[in-house]
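Student: I've got a protein structure open and I'd like to learn how to read it. Can you walk me through it?

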Amino acid sequence: MNSSTSTTRRARRIVWSAIALIVAVIAAFAVQQSLAAADAVLSHSFTAGPGPDASTDDSAAETSTGAASIPPGGSVLAPSDADGVIRDGDQPTVFDTDRVAVGNLDPALLDALQRAASDADVPFLVNSGWRSAALQQHMLDQAVISYGSAEEAARWVATPETSLHVSGEAVDLGGLPTLDWLAQHGAGYGLCQIYANESWHYELRPDAVTQGCPEMYADPTEDPRMQR
């Protein structure tokens, strides 16, 4: 084999390697864009705080893409106000009990929220409160699409059977000044952040008034209540 032939073959290998690298980069970019689009759908579908359960949360508001399909057993064809939907930009305060997302919260939790809000110098806006089982299922379905698997989605969105939002025992609050105030003073009202990955998700822990809030779970998958 002469040096000219060897050089030609080496040049071809370099060209094909470069082409393969370009194809891989394009494919990776396409996947990234697809995931970003799915995440945007979830973010705009619901207002459940900065994340999915959103949080998550996310992270619950009316879908921006029209009617959403609810699996068998859902009460409506698309989530609505009656399901606890809260639209972005139209968040109620903890005193707006005419909104079912607020009015259907557990009375003890609602009382603690209202007492805290009365003493705070920041508004307590509710990004997500009580939710119907149909709305919770819709959020879970969207999270699976956004995160690519049921396992990852479970870190942010509970099932309708386990969700503390469906039972009215959890609330997602915003914005940052409110969350900062609660981080400093919430325990005095029994209001505790439960999951380290969801700074907006609060539940009532009456013992926290004297004992402080319990240690947080890293995410909902560590919570025994989510396993039932």
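Tutor: A disulfide is a covalent bond between the sulfur atoms of two cysteines. Here one joins Cys 192 to Cys 213, with 2.0 Å from S to S; the cut-off for calling a pair of cysteine sulfur atoms a disulfide is within 2.5 Å. Keep in mind that this is a predicted model, where local features need pLDDT of at least 70, side-chain atom pairs count only at pLDDT 80 or more, and totals for chains, interfaces and linings use all residues. Residues are numbered from 1 along each chain as its sequence is written, and side-chain values use heavy atoms, leaving out hydrogens and water.

Student: Which parts does the pair Cys 192 and Cys 213 tie together?

Tutor: Cys 192 sits in strand E3 (residues 191-193) and Cys 213 in the segment after helix H7 (208-211), so the bond ties parts that are 21 residues apart in sequence. Helices (H or I, at least four residues) and strands (E, at least two) are DSSP runs, numbered from the N terminus. The link is left-handed, with -85° about the S-S bond.

Student: Does Cys 192 count as buried or exposed?

Tutor: We go by relative accessible area: buried is under 20%, exposed is over 50%, and partly exposed is in between (1.4 Å probe, protein chains only). Cys 192 has 0%, so it counts as buried. Cys 213, at 34%, counts as partly exposed.

Student: What share of the protein chain do buried residues make up?

Tutor: They make up 41% of the 228 residues.

Student: How many helices and strands are there in the protein chain?

Tutor: Seven helices and four strands. From the N terminus on, they run α-α-α-β-α-α-β-α-β-β-α.

Student: And how do I read a nonpolar core?

Tutor: Think of a set of buried Ala, Val, Leu, Ile, Met, Phe, Trp, Tyr and Cys residues joined through side-chain atoms within 4.5 Å. The largest one here has 32 residues, and Leu 113, Phe 124, Leu 173, Trp 181 and Leu 191 have the most contacts inside it. Helix H3 (107-119) is among the elements that each supply at least two residues of this core, and H3 gives the largest share, six residues.

Student: Which residues does Leu 113 touch?

Tutor: Leaving aside residues up to four places away in sequence, Leu 113 touches Val 94, Leu 105, Phe 124, Val 171, Leu 173 and Leu 191. Contact means heavy atoms within 4.5 Å. There's also a second, separate core of eight residues, including Ala 158 and Met 226.
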